[in-house]
Amino acid sequence: MSDTPAMPDSSSLRAWWTEWAAAAGPAVMATGIISTGLHLTGHETLSRIALVLASLAWTGLAADFAMRLVGDRERWARRARTPAGLDAVAATTVLGTRFSTLGWQELAEALLALSAVLWPALLVTVLWRLRRRMPGEVFLVCVATQGLSVLASTIAGTVGPDWLAHAALVLFWLGIGLYALAFAHFDRGEVRKGAGDHWVAAGALGISALAGAGLVAAHHVDPYLWNNDDQDVLRDTTGALLVLDLVCYVLLAVAEVVWPRPRYDVRRWSSVFPMGMSAVAALAVAAALDVFWLKGPGQVLLWIAVAAWLAAAAGAALAFRSTTRG
């Protein structure tokens, strides 16, 4: 008998792709935000490797989105009616923000335009179908909105159109309101039994703090964007959001110890993203608000997120091997 391993058949690959496609958005978000964090801490080579991986995952996400839209409209609509459908918007904004920090403004602007086109229709569809006791993915209504704010303020701070910064400000306050709405519909029991996406509760606070930091930083480029009162409110709100994010992070980490969930699940990518986002939010707020002591905790949180990313990647590789062999 030959010892050559059998090639996986098409049904096995389809089964794996169906499972992986659901995690593609969170995987792009997790990898993209870790790329941003590595950039902020001076690890540029590692940052660009992560950016390449995020770009490849985003290509797969976009291909699956397009194939469902063209070839399986019912499945596309079924996903679009859930908060998970907004992960395409959130992932695109995270990737676009990283491209903007590299100076690739035309590409970042294209991704902003794409996100801005998708966001309203998907958001309204999801909000229309909100119900009580939803999983952590419900916070994607906030994450997608604040992702648009972050990308818009990043481009505004570089290229300089005031209207884009003011649009980012509107999205920032809207995102905070959507967080409150999502929290009202969130099943608190997910903290005990959730498979990973319950961490998005912290990620939404983190990206809100990052959006606030971006708006404060845009003021340094154009001091006439906000008056003194607006500037103070932005700074205070941003600081409060970061505190809430870190408190939520600690509570969720304690819950992982009290109710351990060691088995791999594709929803674990939705845990990695909030970990990375909390780190980046701490680093960005430290720079925007001149709270330099936050840099140390931000760097520690970043390497925790990197370790979580490696664990999720290893779990995904083992899952692929198991699925194709089965």
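Mentor: Residues are numbered from 1 along each chain as its sequence is written, and side-chain values use heavy atoms, without hydrogens or water. As this is a predicted model, local features need pLDDT of at least 70 and side-chain atom pairs count only at pLDDT 80 or more, while totals for chains, interfaces and linings use all residues.

Trainee: How are helix α7 and helix α9 oriented to each other, roughly parallel or roughly antiparallel?

Mentor: Helix α7 (residues 162-185) and helix α9 (residues 200-221) have axes 10 Å apart and pack at about 155°. Axes are lines fitted to C-alpha atoms, for helices over the stretch in contact, and angles run from 0 to 180 degrees between N-to-C directions. Angles under 35 degrees count as roughly parallel, over 145 as roughly antiparallel, 65 to 115 as roughly perpendicular and the rest as oblique. Therefore α7 and α9 are roughly antiparallel.

Trainee: Is Gln 231 buried or exposed?

Mentor: Good one! Gln 231 lies in helix α10 (residues 228-258), and touches Val 216, His 219 and Trp 226, leaving aside residues up to four places away in sequence. Buried means under 20% relative accessible area, exposed over 50%, partly exposed in between (1.4 Å probe, protein chains only). Because its relative accessibility is 9%, Gln 231 counts as buried.

Conventions: Helices (H or I, at least four residues) and strands (E, at least two) are DSSP runs, numbered from the N terminus. Contact means heavy atoms within 4.5 Å.
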